[in-house]
Every structure is written in C-alpha cells, then in structure tokens.
Amino acid sequence: EVNANGGWLGNKVELVTYDIARGVEEVAPACTKMIEEDNVIAILGPTYSAGATAAQPVCTEAGVPLIALSATNANVTVNEKTGEVYDWMYRVCFTDNYQAEGIANFLIDEGIKKVGILSCVSNSYSVGMVDLFIEIYESLGGEITSVELFNENDVDFRPLLTNIGNSGCEAIFMPAPNIRYGVLAAQQARELGIEVPFAMPDAVYGNELLEAADELEGSWISTGLIDDDPAFEDYRNKFYEKHNINANMFCYYGLDTIMLLENAIKASDSLDPAEIRDALETMKDAPVFTGTLTIDPETHNPVGKAVTLMTIEDGAYALYKVFDPNN
C-alpha cells in the first residue's frame, strides 16, 4: 500500500525481514546484517524486551533508529544505571512499570488485598513485572501471600499452584511470557480446585487464551489494545483473507511502528537515519493505525496510553475497565 501510494519521498520501500525465533542470540547479528549489508534506514521490532535490549548496542553504535513493537521493559529505551535515554531506541507500546502500576491499582480498587504470584524466573519480562508489581502493590497496602517461580519450557505448575492455593490469596498475578503458560496454569489451577481469578498482563492476551476460557471465566487480562475493536474490522478482514489467520494486537502494533516511521520521514523530509531520529524525538499526535502517538523525549515512550482490563465471559473476551495509572 505504501508503494502503491508513491513510496516515501518518491522512493520505493523495501521491507527486509529476518527470523529471530530461535532466540535472543540471533537479534544482534540480524541487526548488524540489516545495517551493514541491507543499508536499512530504521529497524521495526522486535516484539519482546530481551530482543530489543540485545539490539540496542548495535543500533546505538551504527546510529540507526529502532522502533520496538511490544518490548515493554523500561530499560529498552532508558539506561537502567544512568537514567539517560538511549538516543536511537523507541517504542509504540506502554512499559512494564506503567502496566504493573495499572494492574496493582486495579486489584486494590477491586478490593483484592491478598495476591499470590506465579512467574517465570528465566524471562526478563516476567521478572521485571513481578518486581514492579510487588513494590507497587505492597505500597498500596496489599499483601503478597506467595511467590512461586518456574523456568521457561516448564509445563507442570501443579506443585507451585498448590502452594499458592494454600496461601490464602484472593487472586493470582501471573506475568506469563506467552499465552501457552497462561492456558496451562489456568487449567491446572482449576484441576486442583483453586478458583480465585487470575490477573495477567498483555503477553497472554490473544484468542489462543480462550482455550482456557472456562477456567479463566471472571479473570482479568490487561492490554493496550483490544483485538476485536470495531475500528480494526476492515484490516482484520483483509488480513484473514490474505493469511487465513486472525490478526492480533501485535499486528496492530506492527502497523503503528511503520506508520510512526512514515510520519518521521515526512516530518524530516529525509531518509537519513539521524534526521528520522530527530523527528521521532519530537513526534506529537502522529496518526498511526491505533490512534495517535506522542513520544516523550525523556523516555522515548508513547504518552498517555491507558491500560485496558479485559475479562472473559461466556467463552469470549469482554471489556471490563479502562484504567489510567496517571489518574
């Protein structure tokens, strides 16, 4: 569609892609190849924080901007030790601390004062979410009754869930790295007779989670986007027609990244990575697929994104509450 509309500044756009599915160790070599061999003007992706963190030194040294899709760890764009922003790193999603604060406040507002935690100890997304959640939830007067940890690729959570179920919790916070863990944990919890609701962040949000719809009835999942928002219907239909699978929020974030880049190119009237970066730095109300984006120059995060809490009712997602941690 971009090229059908004349490309960018009269140039045809070529999309260069590399598969990094085998692990984070593939990220830096892929970025290096993109920059040195393919001469890219920007990098869009990846979807996860560890991958974006691995890309940061490469993009910084080369002076090529990266716009991450759903890399939610705050350290992707800000140096953890110095507090200084990484000049070449941006994102279109909210951050873990923003989301953790939203979920913690939400649970307190729902009257849930005791929470058990089930988390992946070998995944940076999960570890970061747990640390932030505990700090914020306890500061609000909540009690953490149990913290149980598993490793990536574990599939049996029953011993951990038994400990959580015996801890007297009123809900289980599970920042799972992906949907598969959420499905298994919910099914196994109900097998054990543990009936408290789960609260899960955006990494588990997707239609695949509805495999455990019965077990997750009344639980909560936070997200920055709603998959079946009517505003996305035309795109969803075209996506399904082309790929024969349903589009999800990662597809929408992907469109946001390319449209944000397009806005920066138009604003800078340049294909030079440094000038594109400068335009991203000061981007305000840029029209993207999911709405508009304004970038905070101090953090390179989008400003003012609300946390949407979904629940599961009668086998389907339903909007429960839109929660703004800033209000």
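Buried means under 20% relative accessible area, exposed means over 50%, and partly exposed is in between, with a 1.4 Å probe and protein chains only. Keep that in mind.

This is a predicted model: local features need pLDDT of at least 70, side-chain atom pairs count only at pLDDT 80 or more, and totals for chains, interfaces and linings use all residues. Residues are numbered from 1 along each chain as its sequence is written, and side-chain values use heavy atoms, with hydrogens and water left out.

Cysteines to begin. A disulfide here is a pair of cysteine sulfur atoms within 2.5 Å. How many disulfides does a search of the whole structure find? The count is 0. Cysteine 31 is in none; its nearest cysteine sulfur belongs to cysteine 59, 4.8 Å away. Cysteine 31 is buried, at 5% relative accessibility. Cysteine 120 is also in no disulfide, and the nearest cysteine sulfur, on cysteine 93, is 19 Å away. Cysteine 120 is buried too, at 0%.

Now the backbone. Most residues other than glycine have a negative phi, and most peptide bonds are trans. Glycine 45 and proline 46 are joined by a cis peptide bond, omega about 0°. Proline 46 sits in the loop between strand S1 (43-44) and helix H2 (49-62). Helices (H or I, at least four residues) and strands (E, at least two) are DSSP runs, numbered from the N terminus. Asparagine 244 has a positive phi, near 65°. Its loop runs between helix H7 (233-243) and helix H8 (249-268), and asparagine 244 is exposed at 55%. Aspartate 285 has a positive phi near 50° and is exposed at 53%.

Next, rings. Rings of Phe, Tyr and Trp (its six-membered ring) pair if their centres lie within 6.5 Å; planes under 30 degrees apart are stacked, over 60 edge-to-face, the rest tilted. The whole structure holds 16 aromatic pairs. One of them is phenylalanine 106 with tryptophan 220, edge-to-face, 5.2 Å centre to centre and 80° between the planes. That pair links helix H3 to strand S8, 114 residues apart. Phenylalanine 106 is buried at 0%, and tryptophan 220 at 7%. Phenylalanine 150 and tyrosine 181 form a tilted pair, 5.3 Å and 40°. Phenylalanine 150 is in strand S5 and tyrosine 181 in helix H6, so the pair ties together parts 31 residues apart in sequence.

Last, charges over rings: NZ of Lys or CZ of Arg within 6 Å of the ring centre and within 35 degrees of the ring normal. Arginine 180 lies over the face of tyrosine 181, 4.8 Å from the ring centre. Arginine 277 sits over tryptophan 88, at 5.8 Å.
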